[in-house]
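Reader: Before I use the terms in this description, I would like to see each one set against its cut-off. Please take them in turn.

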Amino acid sequence: MASDKISIHGAWASRWVFILAATGSAVGLGNIWKFPYMTGMYGGGAFVMMYLVCIFLVGLPIMLAETLIGRRGRQSPVNTLKTLAIESGASAKWSWAAMMGMVAALLILSFYSVVAGWSLDYIIGMGRGQFEGVTAQEAGGAFGALTADPWRLTLWHTLFMVLTGFVIARGVVAGLERGLRIMMPMLFVLLLVLLGYSMTTGHFMQGFHFLFNFQPDRLLHGLLAAMGHAFFTLSVGVGSIMVYGAYMPKHASIGSTVLAVGILDTLVALVAGLALFPIVFAGGMEPGAGPGLMFVTLPVAFGNIAFGQIMGTLFFVLVLVAAWTSSISMLEPAVAYLVERTGRSRVLVTSVLALLCWLVGMGTVLSFNIGAEAKFFVFGEDGFRLFQWGAAGGMNFFDSIDYLTSRILLPLGGLAFLLFAGWVLKRDTVREELAMKNPLLFSLVYWLVRLVAPLGVLIVFVTELMK
Ligand code: TRP
């Protein structure tokens, strides 16, 4: 029998709401913006294959581990790990892994909010017809003008943080569940409308080839990137999925649920790619790689094809909704923890944490303009410096936080959760929670969690750091 505990924060009405929530967390800027351009950059079909391998061998095992740990513990990730570790006779220090994840999630939120804020600016710009007939240079100029203006960036960053805080403050059922029930269907409808539209552009097959053109010699080239992206796109390694697991009904099957989330997330990424590239080609643009794709190339494309104004506006609404359902999952682990720990109201805790993330996010805002010269992690001729103004090398604030989280904290967190589920929890506990009918399947999944996935993370982690 699964554990009988329930969470003090509330519970999802059904396993479907968990799927909505976890998919909402997973589907975000990673799918709509990053995946399409990475696929183009790392060799189309070859990258897609590597990505699928990473999703199934590493990403989904972590998601499974997080979900089962979360549901077993029914508390915020930090307290869940603490309680379960003590119950299993292990050190309570395991909770530090969740503490690190919680901080990582807040750091990710700090810059995610800034980028998501751009979509607010573009919804208005597109809606007003600001991109009607623009050239690439003009669109590039418009994007440059946005990022160069700290006040405008601050406005959107603030607004997005308020939107995130608003949903979280209302609680698991009245806020998250209710919001997700509206936003997720909207997201799917918008995506399908865009896909249908892109099929009418006459460049659908060109886009298709770009995305799936298979170059076997490039298989290994994108492996590291694929693994990193598998973490980010599934939202694993920080406790977001774990806290959602804590609100999951007792009898829902974890294995098939997690599989559904992984498939949905991948489908959205593929459909986003299929929808976007034909539009890019139809607008006479090149699918140039990098952040420019979403904020420069696409606006030009939309500005130069039929119904581009309305479709472009809808597209940025889609980006906003996808980012919003992700950002709430970054805040929830810390809110749950502080509510448990301090006994204060959710509204108060949410306000304080959102303000904190907002402040850190201001570092990202400034890193695009007046603070661009503030460099961190500088390896200069005179050795390593944590901070140096105007250094030639090093990373600006935004890049540093991105690097610290995606390359270091996410893999470490994922590894810790795998080891916890695989080696700290008793085998019988895991068997009970997973409740798989087929013993062979259970063994297979168990060894994925215990051995295959941790090794995968370790190998990639070490290789990354040595680059
Ligand atoms: N998965 C989201 C995306 O693809 C981002 C995200 C949400 C995330 N929660 C997370 C990333 C937690 C890392 C950790 O955009």
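Predicted model: local features only at pLDDT ≥ 70, side-chain atom pairs only at ≥ 80, totals over all residues.

Reader: How does helix H12 compare with the span expected at 1.5 Å a residue?

Author: H12 runs over residues 254-282, 29 residues in all. From its first C-alpha to its last it reaches 43 Å, close to the expected 42 Å. Just after H12, Gly284 takes a positive phi of about 75°.

Reader: Why is H12 described as largely enclosed by the rest of the structure?

Author: Buried means under 20% relative accessible area, exposed over 50%, and partly exposed in between, with a 1.4 Å probe and protein chains only. Of the 29 residues of H12, 22 are buried, so H12 is largely enclosed by the rest of the structure.

Reader: How do you know on which side of H6 its buried residues lie?

Author: The buried residues in H6 are Ala139, Ala142, Phe143, Leu146 and Thr147. They cover an arc of only 130° around the axis, which puts them on the same side of H6. The arc is that of the directions from the helix axis to the C-beta atoms. An α-helix has 3.6 residues a turn, so residues three or four places apart point the same way.

Reader: What about the buried residues of helix H9?

Author: In H9 (residues 204-212), Phe204, Gly207 and Leu211 are buried. Seen down the axis of H9, they fall within an arc of 65°, so they line one face of the helix. Their cover includes helix H2 (29-41), helix H3 (45-73), helix H8 (172-199) and H12, where contact means heavy atoms within 4.5 Å.

Reader: Why is Glu332 called buried, and what does its side chain contact?

Author: Glu332 is found in helix H14 (residues 308-342). Its relative accessibility is 0%, so Glu332 counts as buried. Its side chain makes a polar contact with the side chain of Arg346 at 2.6 Å. A polar contact is a pair of N or O atoms within 3.5 Å; within protein, one must be able to donate a hydrogen and the other to accept it, and residues adjacent in sequence count only if both atoms are side-chain atoms. Leaving out residues up to four places away in sequence, Glu332 touches several residues, including Val243, Tyr244 and Tyr247.

Reader: Why does Ser88 count as buried?

Author: Ser88 has a relative accessible area of 18%, so it is buried. Ser88 sits in the loop between helix H4 (77-87) and H5, and its side chain reaches the backbone oxygen of Leu84 at 2.7 Å. Beyond its neighbours within four places in sequence, Ser88 is in contact with Val424, Leu425 and Lys426.

Reader: What makes Trp118 and Phe368 an edge-to-face pair?

Author: Rings of Phe, Tyr and Trp (its six-membered ring) pair if their centres lie within 6.5 Å; planes under 30 degrees apart count as stacked, over 60 as edge-to-face and the rest as tilted. By this rule the count comes to 26 aromatic pairs. The ring centres of Trp118 and Phe368 are 5.4 Å apart and their planes are at 65°, so the pair is edge-to-face. The pair links distant parts of the chain, 250 residues apart: Trp118 is in helix H5 (residues 95-127) and Phe368 in the loop between helix H15 (346-367) and strand S1 (374-380).

Reader: Which of these two residues is buried, and which is partly exposed?

Author: Trp118, at 5% relative accessibility, counts as buried, whereas Phe368, at 25%, counts as partly exposed. Phe368 also forms a tilted pair with Phe398, at 5.3 Å centre to centre and 45° between the planes.

Reader: What makes Lys34 count as lying over the face of Phe232?

Author: A charge sits over a ring if NZ of Lys or CZ of Arg is within 6 Å of the ring centre and within 35 degrees of the ring normal. Lys34 lies over the face of Phe232 at 5.0 Å from the ring centre. Arg450 lies over the face of Trp447, at 4.9 Å from the ring centre.

Technical notes:
Residues numbered from 1 in each chain as written. Heavy atoms only, no water. Helix = DSSP H or I, 4+ residues; strand = E, 2+ residues; numbered from the N terminus. Expected span 1.5 Å × (residues − 1).
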